[in-house]
Amino acid sequence: MLKLPAGDYQAELITFYEDGNVKRVFPLYGQISAYWSVEEEMEQAPYYGFVIDGQAFRIRPQCLMFYPSGKLRSITLWPGDTLEVETPAGTVKTGLGIEIYESGRIRSIEPQYNAFFYRKLKLHAENGSLRFTEDGSVLKEDPK
């Protein structure tokens, strides 16, 4: 178990920022093979409770990313899992995950139904195609 400011999480793989702070946590990190499928791995995945922009969710994350401060930055879902989130642009269903600001406000989300989205090309929930400023306005330009 890993204890962070955002909560306590099971961790089979952890990556770090150069300064030593936790960057990503993978609750499971099994080796998918001919003998162990992603579905079998998903069955072992723990569920956690999260509050995102005032909304409570129970999610089994494939990966969690943190800011250097230890606050949660994004939650990446397992393939096939979905989440419906109330965003400033309305209700959005995502099959990939959600990114949040350190304040807890929604930063970006990848809509489930996006003609230009291919999960095999996008492996994590950061920098979703629907992005918001911290005050909730839709971001029209790519924040470089």
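A polar contact here is a pair of N or O atoms within 3.5 Å; within protein, one must be able to donate a hydrogen and the other to accept it, and residues adjacent in sequence count only if both atoms are side-chain atoms. This is a predicted model, where local features need pLDDT of at least 70 and side-chain atom pairs count only at pLDDT 80 or more, while totals for chains, interfaces and linings use all residues. Residues are numbered from 1 along each chain as its sequence is written, and side-chain values use heavy atoms, with hydrogens and water left out.

**View A. S74 and its partner E126.** Let's start with S74, whose side chain makes a polar contact with the side chain of E126 at 2.3 Å. S74 lies in strand β8, residues 72–77 (strands are DSSP runs of E, at least two residues, numbered from the N terminus). With 2% relative accessibility, S74 is buried (under 20% relative accessible area, 1.4 Å probe, protein chains only). Setting aside neighbours within four places in sequence, its contacts (heavy atoms within 4.5 Å) include C63, M65, I98 and A125.

**View B. Q55 in strand β6.** Here Q55 belongs to strand β6, residues 55–59, and is buried at 16% relative accessible area. Beyond residues up to four places away in sequence, Q55 touches F50, V85, E86 and I106.

**View C. F66 in the largest nonpolar core.** This core (buried Ala, Val, Leu, Ile, Met, Phe, Trp, Tyr and Cys residues joined through side-chain atoms within 4.5 Å) has 24 residues, and F66 is among those touching the most other members, as are Y9 and I75. Leaving out neighbours within four places in sequence, F66 contacts residues including L4, Y17, V25 and R73.

Key
Buried means under 20% relative accessible area, exposed over 50%, partly exposed in between (1.4 Å probe, protein chains only). Helices (H or I, at least four residues) and strands (E, at least two) are DSSP runs, numbered from the N terminus.
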